[in-house]
Amino acid sequence: MNKIINGILQNMTEEEVKKQKNEEMQDKLKILTESEVFTLFAKQQINKLTVDDNTALRMKSYYPTWKELVDANFTAKEAGFKFTYGEDLYKTIPPEQQFLENWVPGQGTESIFERIDETHIGTKEDPIPFKINMAVFKDKYYTEDGILYICTRNSEQPLQNKASELVGHYFEVVEE
């Protein structure tokens, strides 16, 4: 077996190999806490609950991670299967969606994974937080980096630039 120390690949000693195998065995035999069991159960069952996206955001730590689904070679049977990737909650768009290592949620996978955002009305008082890969709608208000914008036309597709880069095209800055 090998190990990497300061970027240098080195052979592990026989004692280090035994220690590592012993630690792995101890981890496999460890009794799970109630919290660990609950989390495992919740991640397997949570997508069977029917909840709106805002409620799902409030309990996103119970959803399976994209990595767990990739490692399990999982296929979501129905559209709307929810999972986390990084700090964000996503849902599948098509039914029978596979989770493959090269299909990372974000830019380039907008047709299969949709990031779930807290629902905002899009008024001045309740603007929509703008993020890259988001479609925008005319007369709705958006915020980015503390700046308030009004959308001047529908994008009809997710935008690949920051709102600040789209002033004059899709947005105008709202003067307070």
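Predicted model: local features only at pLDDT ≥ 70, side-chain atom pairs only at ≥ 80, totals over all residues.

Select lysine 131. This residue is partly exposed, with a relative accessible area of 37%. That value lies between the 20% and 50% cut-offs, so lysine 131 is counted neither as buried nor as exposed. Lysine 131 sits in the loop between S8 and S9.

**The four-stranded sheet**

In what order do the 4 strands of the open sheet lie? The order is S8-S9-S10-S11, with mixed pairing. Strand S8 (128-129) and strand S11 (171-173) are the edge strands, each pairing on one side only.

Select residues 141-144 and 147-151. These are strand S9 and strand S10, which pair in the antiparallel sense over 4 bridges. Threonine 143 has leucine 148 as its bridge partner in S10. Tyrosine 142 has tyrosine 149 as its bridge partner in S10.

Stay on tyrosine 149 and look towards S11. There, the bridge partner of tyrosine 149 is valine 173. S10 and S11 are joined in the antiparallel sense by 3 bridges.

Is S10 mostly covered or mostly open? It is mostly covered: of its 5 residues, 4 are buried. While the strands are on screen, recall a general point: side chains in a regular strand alternate between the two faces of the sheet.

**Two residues with positive phi**

Go to the turn of the S9 and S10 hairpin. The two strands have 2 residues between them. Select aspartate 145, which lies in the loop between S9 and S10. Its phi is near 50 degrees, a positive value in a residue other than glycine. Most residues other than glycine have a negative phi. Aspartate 145 counts as exposed, at 63% relative accessibility.

Move on to glutamate 156, in the loop between S10 and S11. Glutamate 156 is not a glycine either, yet has a positive phi of about 65 degrees. This glutamate is exposed too, with a relative accessible area of 74%.

**Glutamate 110**

Select glutamate 110. You are in the loop between strand S6 (97-98) and strand S7 (113-116). Glutamate 110 is partly exposed, with a relative accessible area of 25%. Which residues does glutamate 110 contact, leaving aside its neighbours within four places in sequence? They are Ile93, Asn133, Pro158 and Gln160.

**A buried threonine**

Now select threonine 92 in strand S5 (residues 88-92). Its relative accessibility is 3%, so threonine 92 counts as buried. The cut-off for buried is under 20%. Show what surrounds it. Not counting residues up to four places away in sequence, threonine 92 touches Ala76, Glu78, Ala79, Gly80, Phe81, Phe83, Gln97, Phe99, Ile112 and Phe113.

Select residues 2-5 and 8-11. These are strand S1 and strand S2, which run antiparallel and are joined by 4 bridges. Asparagine 2 pairs with asparagine 11, its bridge partner in S2. S1 and S2 form a hairpin with 2 residues between them. In its turn, select asparagine 6: phi is positive, about 55 degrees.

**The whole chain**

Zoom out and clear the selection. The protein chain has 4 helices and 11 strands. Its radius of gyration is 22 Å, well over the 16 Å that the globule rule gives for 176 residues, so the chain is more spread out than a compact globule. Along the principal axes, the C-alpha atoms fill a box of roughly 70 × 45 × 30 Å.

Colour by accessibility. Of the 176 residues, 28% count as buried. The chain exposes about 12,200 Å², and carbon and sulfur atoms supply 51% of that area. Among contacts with a separation of 6 or more, 29% join residues 24 or more positions apart.

Finally, colour by charge. The chain has 21 positive and 31 negative charges. Their mean positions lie 4 Å apart.

Notes
Residues numbered from 1 in each chain as written. Heavy atoms only, no water. Pairing = 2+ DSSP bridges. Rg over C-alpha atoms; globule rule 2.2 N^0.38 Å. Buried < 20%, exposed > 50% of the residue type's maximum accessible area, 1.4 Å probe, protein only. Contact = heavy atoms within 4.5 Å. Areas by Shrake-Rupley, 256 points an atom, 1.4 Å probe, with all protein chains shown as cover. Lys, Arg positive; Asp, Glu negative; His and termini not counted. Charge placed at Lys NZ, Arg CZ, Asp CG, Glu CD.
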